[in-house]
Amino acid sequence: MSISLEGKTALVTGAGRGIGREVALQLAGAGVTVALVARSRDELDETAHRVRALGRAAFVAPADLGKLDDLQRAVRRANDELGAVDILVNNAAVVWPLGASATVEPGEWAAAIAINLVAVAALSFALLPAMVERGWGRIVNVSSAIAEHPGAMIGANAYATGKAALEAHTLNLAAELAGSGVTVNAFRPGSVDTAMPAWIRGQDPARIGAPLHQRFARSYAEGLLISPEQPARSLLMHLQRDTTGEIWDVSDTT
Ligand SMILES: NC(=O)c1ccc[n+]([C@@H]2O[C@H](COP(=O)([O-])OP(=O)(O)OC[C@H]3O[C@@H](n4cnc5c(N)ncnc54)[C@H](OP(=O)(O)O)[C@@H]3O)[C@@H](O)[C@H]2O)c1
């Protein structure tokens with residue numbers, strides 16, 4: 001059965017472009033008021049402009065999710081502006097650092113984990129109490145197929161590690177919250193034509209490793225990338241159900 005999201009509030013990270021922007025727009029289309037988080041103010045403003053054109057309210061909260069102070073400030077501002085948040089879409093992520101693992105600075109590796117994993121947990125922990133109190137909430141963590149095949153992206157150790165851990169975090173939190181009315185799920189969006197794979201294609205194959213570069217160059221050249229609208233639509237369809245503790249995949253709904 002499909003649950004209406006009309007009148008709910010959502011916080012979407014990485015909402016300035018790519019999959020996050022489309023999720024924000026489709027949530028707005030479903031009657032949801034959205035708080036938009038990322039670092040680039042201009043991109044968030046553009047998303048907000050498009051949300052408002054759909055007749056919904058949008059609130060822009062620029063933040064670097066790699067910095068916990070910034071993250072907490074964004075949560076406070078979203079709560080002040082929108083009240084309690086019903087739906088959290090943890091979508092923001094970075095794919096760097098790339099290249100032979102022994103050449104990667106541990107600080108850079110940790111910074112990626114801070115954005116791709118620690119920030120996800122921190123946002124969920126910050127918004128959870130109000131969701132549990134009201135007996136309704138939705139948390140979706142945007143993952144990747146790499147979590148199932150961590151060896152498939154050689155030279156992307158932090159990304160593979162972060163996404164695999166993200167799914168473990170998701171399933172553990174879902175089990176903890178079973179019966180609370182708050183669902184926690186992960187979502188694998190497929191190979192999507194966004195700035196993230198474009199950035200990988202633009203890197204020097206000699207630095208990031210030829211197999212990784214070829215993998216992304218080939219999927220683009222062969223027209224295998226899907227548009228961001230498709231995973232956003234899939235995520236919305238899943239979100240309108242009561243399931244929890246699942247790893248959703250874009251292919252489930254296509
Ligand atoms: N594209 C794909 O093929 C693909 C495949 C599998 C999984 N995914 C996953 O899908 C999600 C969205 O990816 P995408 O392809 O749409 O990427 P994208 O176009 O690069 O967008 C990433 C978003 O995250 C934000 N972000 C990055 N670092 C941030 C930080 N430190 N603080 C706050 N926001 C930050 C970016 O904004 P700022 O840079 O302005 O901060 C941007 O809005 C990610 O979780 C990614 O791992 C993508």
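**Basis.** I worked from a predicted model, in which local features need pLDDT of at least 70 and side-chain atom pairs count only at pLDDT 80 or more, while totals for chains, interfaces and linings use all residues. I number residues from 1 along each chain as its sequence is written, and side-chain values use heavy atoms, with hydrogens and water left out.

A polar side-chain atom of Asp64 lies 2.9 Å from one nitrogen atom of the ligand, and a backbone N or O atom of Leu65 lies 2.9 Å from a nitrogen atom of the ligand. Taken alone, the ligand exposes 880 Å², of which the protein buries 95% (Shrake-Rupley method, 1.4 Å probe).

**Shell.** I noted 30 residues around the ligand, with Arg39, Ser40, Asn91, Tyr159 and Thr194 coming nearest; a residue is near if one of its heavy atoms lies within 4 Å. The shell divides into 15 nonpolar, 11 polar and four charged residues, where Asp, Glu, Lys and Arg count as charged, Gly is among the polar and Tyr among the nonpolar. Helices α1 (18-29), α5 (157-176) and α6 (195-201) each supply at least two shell residues, and α6 gives the most, with three.

**Fold.** I counted nine helices and seven strands in the chain (DSSP runs of H or I, at least four residues, and of E, at least two). The radius of gyration is 17 Å, close to the 18 Å that the globule rule gives for 254 residues, so the chain is as compact as a globular protein of that length (C-alpha atoms; the rule is 2.2 Å times the number of residues to the power 0.38).

**Peptide bond.** I recorded a cis bond joining Trp96 and Pro97, with omega about -5°. Pro97 is placed in the loop between β4 (87-90) and α4 (106-134).

Technical notes:
A polar contact is a pair of N or O atoms within 3.5 Å; within protein, one must be able to donate a hydrogen and the other to accept it, and residues adjacent in sequence count only if both atoms are side-chain atoms.
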